[in-house]
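Please keep the sequence and the structure in view while reading.

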Amino acid sequence: MVATTAVKLPQLRHRRLTWLIGLTGVLVLAIVLSITIGAKAVPLTDAWHALTSPTGTESDIIIRSLRLPRTALGILAGIALGVAGALMQGHTRNPLADPGLLGVTQGAAFAMVASIIFLGTTSLLGFIWFGLAGALVASVGVFALGMVGGRGGPTPVTLALAGTAVSAFLYALTSAMVLLDEQAMDVFRFWQSGSIAARGTEVIWQVLPFIAAGLLLALLNASGLNALSLGEDVARNLGQNIALTRAVGVASVTLLTGAAVAACGSLSFIGLIVPHLARRVSGTDHRWLLPYSGLIGAALLLLGDVIGRVVAPPGELEVGVVLALLGAPFFVALVRRRKPVRL
Amino acid sequence: MTSYALRIAGLSWQVRLRGLAVTFGGLVLLVLLMALNMRIGDLPMTVGEVFTDTFDASSPAHFVIMELRLPRALTGALVGAALALSGAIIQSIARNPLASPEILGVTTGASVTVVAGVVVSGGVHGGVSGLLSSVGMPALALLGGLLGAVIVYGLAWRRGLDGYRLVLVGIGVAAVFTNVKYWLMTVGDVNDTAQAMVWISGSLHGRGWEHVIPVALALAVLIPLTLLGTRSLNALRFSDDTVTALGVRMNLSRALMILAAVLLAAVATASAGPVAFVALASPQIALRLIRSAQPPLLSSAIVGAVLTAGADLLARTAFSPIELPVGVVTAVLGAPYLIYLLTRIRKGRT
């Protein structure tokens, strides 16, 4: 980050554009891998055939009914979680912020399981609404807890611990409910490990509006977030409506996280890693950081999914598990490198 | 504060009246809670019957008590005591009320190796039974607990040990272990996985003497040893330089005490699974009851036993006839307590 500020502006713009093209290339590569690699490897020519002029061959069916929806959902969830992570880290000015670590994911899980048991919800759309509500309550709760008694907001450590405590609490309540209700147990099991496999096309159409709305709010939030990163006082003097900026940020994080976790289950650490990678190339300007985070998030989630498909044959490793196994060492390295300071 | 000195052959301890009162009051409460727990089952009893049947070998219910209900109640009490003692030691050494064997990777490490043991052996022997469950499981849990502690300690060590870095590294390592556990559960046979699932939520269901004995042995050996170490533990509260000046061999006694704490937590985890937050909350409760400067070891153990027995009673009666794992109840009660501790620390009144 120090290096970035030393770069002159035209150079910076040049570098950002180069990286943008490079990352788009990586994402395209990830998409190709995600479509061709799996329990049955499909050659590139067959894949092209399936996408352009399907005739109902075996690989056509595999690609159009399984791989394509899976890849599309991976892209959507990756963008959503990457952007949500960047927003959270920006708003809390906390390098350890992540929807999974801070209990937002468990909040969504708790609300969804409760809705199954007490209201008999069965449709995905119902789950999403309850997932959103749970995510909202949990994120506001964690922020409030982290703020208690402190000047200028929570330190990274307090926030991480508050998140752990809220997660543990919600997880315990959720498992209590799940143990009392078999149908809820079934939903929760799929949920816990986090996967983008076999979700079907309709799931994508149902979460798409929520994620699109969340992304729109995120982009609107970018310049306000830039001002806020100078400190609340400076931002106020610059004419920013701080309460509004914060509210838009929380709404965006809630929409993105709630929709992504309602569709894919618990995917932690992706929101933590991605903004750090993105910040390396984009600098701290959120107008660049947010799109970069989306791109890297999508590529990372797809690559994680591909790794999960090949690493434990004949079965698959859920992408949530792969991401945690990749992400937790990153988290430890981050904590070790220096005392976690505020962004 | 009234206090006396207890001297045995050149060793002396400070004994406080308040501490004695808490200890004996806790023991009475513990026996009562255990008796209330032992009433519950297919054959309902009154508390009076529980007491008479326990000591009357000719009574028809004697078998039920001795083979089913007493082991379960004892496992709960002993596991709670072991976890709390472990937590008290770790909190004294880390000088941090947020430290606990859970955060140091001990319980999560033990969970991984035990689930691995269940999954691997299940395929070969058709389930965990006999020698493997009485010797193998505690041994596996010890191995995993030590491994977890070494990994967290090693990763957090960077020119000295920072309390907060330790806690954060612990959170990260715990995430890796948890996900390895999920993965192992998807690999294994469905029946083994179900068995492992019950175990990892921290349950006292169906606990027999084979679960009581390892914890009882560990406590019998380690309680006297840790009490001998109380003096150095009290000294470790001060800064490293002061400790050395007080004539305590700091690194040695610290390492030995940590080893004892890891052993206690790992053995407890082997018997009942990871019962959440008991190790975190009990020392802090005991400290406030006794109003001492740092977690008192014996009273913490008693508080831990009472908490676990009480949580188990709640777990069995709250949604009766359905029985929740005790770990669920301790987590629901313990997490808000951690949050409360966090807010206290933020206000600078630890």
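**Terms and basis of the model**

Two residues are in contact, or touch, when they have heavy atoms within 4.5 Å of each other. This is a predicted model, in which local features need pLDDT of at least 70 and side-chain atom pairs count only at pLDDT 80 or more, while totals for chains, interfaces and linings use all residues. Residues are numbered from 1 along each chain as its sequence is written, chains are lettered from A and ligands numbered from 1 in the order in which they are written, and side-chain values use heavy atoms, with hydrogens and water left out.

**The two chains**

Helices (H or I, at least four residues) and strands (E, at least two) are DSSP runs, numbered from the N terminus. Chain A has 14 helices and zero strands, whereas chain B has 14 helices and two strands.

A residue is called buried under 20% relative accessible area, exposed over 50%, and partly exposed in between (1.4 Å probe, protein chains only). Of the 343 residues in chain A, 55% are buried; of the 350 residues in chain B, 55% are buried. Accessible areas come from the Shrake-Rupley method with a 1.4 Å probe, and for residues only the protein chains shown count as cover. Chain A has an accessible surface of about 14200 Å², with 70% belonging to carbon and sulfur atoms. Chain B exposes about 15200 Å², and carbon and sulfur atoms supply 69% of that area.

Contacts between residues at least 6 apart in sequence can also be examined. In chain A, 76% of these join residues at least 24 apart; in chain B, the share is 72%.

**Annotated spans in chain A**

An unreviewed UniProt entry places the feature "transmembrane region" at several spans of chain A, including residues 17-39 and 159-180. UniProt positions are given in the numbering used here, feature names are shortened, and annotations may be inferred rather than shown by experiment. In the model, residues 17-39 of chain A are 87% helix and 0% strand, with end C-alpha atoms 37 Å apart. Residues 159-180 of chain A are 100% helix and 0% strand, and their end C-alpha atoms lie 32 Å apart.

**The nonpolar cores**

A nonpolar core is a set of buried Ala, Val, Leu, Ile, Met, Phe, Trp, Tyr and Cys residues joined through side-chain atoms within 4.5 Å. The largest one has 186 residues, and those touching the most other members are A:Val207, A:Leu301, A:Phe331, B:Leu83, B:Ile89 and B:Leu219. Helix H3 (residues 62-94) of chain B gives the largest share of this core, 14 residues. Apart from it lies another core of five residues, among them A:Val42, A:Ala47, A:Ala50 and A:Ile63.

Which residues does A:Val207 touch, not counting residues up to four places away in sequence? They are A:Leu73, A:Leu76, A:Ile128, A:Ala259 and A:Ala263.

B:Ala260 is found in helix H11 (residues 250-272) of chain B. B:Ala260 counts as buried because its relative accessibility is 9%. Not counting residues up to four places away in sequence, B:Ala260 touches B:Leu222 and B:Thr226. The C-alpha atoms of B:Ala260 and B:Val221 are separated by 9.8 Å, although these residues are 39 apart along the chain.

Is B:Phe24 buried or exposed? B:Phe24, found in helix H1 of chain B, is exposed because its relative accessible area is 52%.
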